[in-house]
Amino acid sequence: MTQLQDAAQAIRAGDKNLGKKLLVELLNEDPTNDMAWVWMSAVVGTDKMRRECLEEALRHNPHNQTAQKGLKKLQQSSQTATF
């Protein structure tokens, strides 16, 4: 299994701390890994940080549909929160 798969598996199992640790290590080695940025958006603490992770993923791969959907979802939830 790759480090990204290990991180995703840990996050799915509820161990966000381990997932985040693995993602940080992976992104230190390869900061252009768009899927690592997408997974990182699942373990950070705020919507602002989630948005930054998803935008970073799209910077490296503008066609990443998961990042596009996540960003759209964040924008929708922030719009409804203001009303």
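How far apart are the mean positions of the positive and negative charges of the protein? I looked this up before anything else. The 11 positive and 10 negative charges have mean positions 9 Å apart. I counted Lys and Arg as positive and Asp and Glu as negative, leaving out His and the chain ends. Each charge was placed at NZ of Lys, CZ of Arg, CG of Asp or CD of Glu.

**Ground rules.** I am working on a predicted model, where local features need pLDDT of at least 70, side-chain atom pairs count only at pLDDT 80 or more, and totals for chains, interfaces and linings use all residues. Residues are numbered from 1 along each chain as its sequence is written, and side-chain values use heavy atoms, with hydrogens and water left out.

**Overall build.** I found 5 helices and 0 strands, taking helices as DSSP runs of H or I with at least four residues and strands as E runs of at least two, numbered from the N terminus. The order from the N terminus is α-α-α-α-α. The radius of gyration is 13 Å, close to the 12 Å from the globule rule for 83 residues, so the protein is as compact as a globular protein of that length. That radius is taken over C-alpha atoms, and the rule is 2.2 Å times the number of residues to the power 0.38. Along the principal axes, the C-alpha trace spans about 45 × 25 × 20 Å.

**Surface and burial.** I noted an accessible surface of about 5,500 Å², with 53% belonging to carbon and sulfur atoms. The areas come from the Shrake-Rupley method with a 1.4 Å probe; for residues, only the protein chains shown count as cover. Of the 83 residues, 34% are buried (under 20% relative accessible area; exposed is over 50%, partly exposed in between; 1.4 Å probe, protein chains only).

**N33 and α3.** Next I went to N33, in the loop between α2 (16-29) and α3 (34-41). At 16% relative accessibility, N33 counts as buried. Beyond neighbours within four places in sequence, N33 is in contact (heavy atoms within 4.5 Å) with L4, L26 and L27. I also saw that N33 caps the N-terminal end of α3, with a side-chain oxygen 3.2 Å from the backbone nitrogen of M35. A polar side-chain atom of N33 lies 2.9 Å from the backbone nitrogen of A36. The helix α3 is mostly covered, with 7 of its 8 residues buried; among them are W37 and W39.

**T2.** My last stop was T2, in the segment before α1 (3-12). T2 counts as partly exposed, at 43% relative accessibility. Its C-alpha atom is 9.9 Å from that of L26, 24 residues apart along the chain.

Methods
A polar contact is a pair of N or O atoms within 3.5 Å; within protein, one must be able to donate a hydrogen and the other to accept it, and residues adjacent in sequence count only if both atoms are side-chain atoms.
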